[in-house]
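Thanks for asking me to look this one over.

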Amino acid sequence: MRRGIRLYATSGTTTTVSGVGVDYENWYIKNDNPLQKEANEYRAYLDEKIPGYYDLRRRYEWINNDDDEYYSVKRKWKKADSLYVERMTEYMQDKKFSPVFSYYLWSVSVRILISRNKGQRAKAAKLLAIAPKVEKREEEEYVYIARQQLQPKYEPLKIGEKLHDFVLYDHDGKEHHLTEFNGNDKYLLLEFNSRTCVPCVEHRPIEVLNNLYKNHSDKVDMLMVNCDDPYFWNIECKDPNKYGRDPWHEWNDKKGAEDIMQRYGTETGPSYFFVSPDGTILGKITDERKLEESIKKYFGV
């Protein structure tokens, strides 16, 4: 997996980078740029309040599904992420807006999107008063995303609720509705993912998905909701040789999937929902092991 390092630097000056591992957050940057000094203050605070946080993150991202410690590490990471939100929300409430503030506001909002903790969301939403009001994503992307997630247009669907309909389009431009799968006596596996996001693709359990399609396509429909923005969907993803193409459905809403991801309480991916033949959401799945367990539960193999 390729990773980048986030840093702020001034042309003509020296920057020192040191660290270990593939996660850019485990690397430290030193220079005289004011924004980098500010970023280092954020990082130092986090290191003090949650020692080993990024080591645990690296462990969580790279642990195998069949590792005996898999679920233990997931529980620890979930707890650490909750603490991250609490500590960073407290720290940022007296800060001034800057590109560094913007990044950490987004980082907090993403964790709240995953946890669905309404109490934390209400506290973090107060940080938006420090940030500028933006109407378009390109004006200030991190703030735009954070505002959507901390002041959502939709509340995420819950297990047991019905599939919420959205209009999407296939690669030929034909219009579709999510609800067109209802009433056909088949389950639906709804996948949220991106073709152009490297981590999303690398974490995609393609062998499990291929086996499900090969062995049970008579019992289950499969749909990948492509979450790429319109440019990539309309141009890059048109070429099946560049990003691949599956034998099952793949649709995109041509809007960047912001509303549909918010309604289903998911980020880019990969995330999965099993839906019953009558359109009832049976469960949300975010890892390969759970996906395999669900397939066995619904199809007996």
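1. A word on the source and the overall count. This is a predicted model, and 25 aromatic pairs turn up in it. I picked one of them to follow through the fold.

2. The pair to start with is F166 and Y264. Their ring centres are 6.5 Å apart and the planes make an angle of 50 degrees, a tilted arrangement. F166 sits in the loop between α6 (141-150) and β3 (167-169), while Y264 sits in the loop between α11 (258-263) and β8 (271-275), so the pair ties together parts that lie 98 residues apart in sequence.

3. Elsewhere, have a look at the aromatic cluster. Y42, Y45, Y91, Y103, Y104, W106 and Y142 together make up one such group. Keep Y104 in mind, as that residue comes back in point 8.

4. Two charged side chains sit over tyrosine rings. R111 lies over the face of Y84, 3.9 Å from the ring centre. The charged end of K254 is placed over the ring of Y169, at 4.4 Å from its centre.

5. What surrounds R111? This arginine belongs to helix α4 (residues 99-115), and its relative accessibility of 11% makes it buried. Apart from neighbours within four places in sequence, R111 is in contact with Y53, R57, D81, Y84 and V85. Y84, listed there, is the ring that R111 lies over.

6. The model has 1 cavity of 30 Å³ or more, and the volume of the largest cavity is about 210 Å³. Its lining consists of 16 residues, with R6, E25, Q36, A39 and Y104 nearest the centre. β2 (27-30), α1 (34-49) and α4 are the elements that each give two or more residues to this lining, and α1 has the largest share, with 4. By class, 11 of the lining residues are nonpolar, 2 polar and 3 charged.

Note on methods:
Residues numbered from 1 in each chain as written. Predicted model: local features only at pLDDT ≥ 70, side-chain atom pairs only at ≥ 80, totals over all residues. Heavy atoms only, no water. Phe/Tyr/Trp six-rings, centres within 6.5 Å; stacked < 30°, edge-to-face > 60°. Lys NZ or Arg CZ within 6 Å of the ring centre and 35° of its normal. Buried < 20%, exposed > 50% of the residue type's maximum accessible area, 1.4 Å probe, protein only. Contact = heavy atoms within 4.5 Å. 1 Å grid on protein atoms, 1.4 Å probe; cavity = no way out; pocket = protein on both sides within 12 Å on 5 of 7 lines; lining within 4 Å. Points joined across faces, edges and corners; volume = space filled by probe spheres on them. Nonpolar A, V, L, I, M, F, W, Y, C, P; charged D, E, K, R; others polar.
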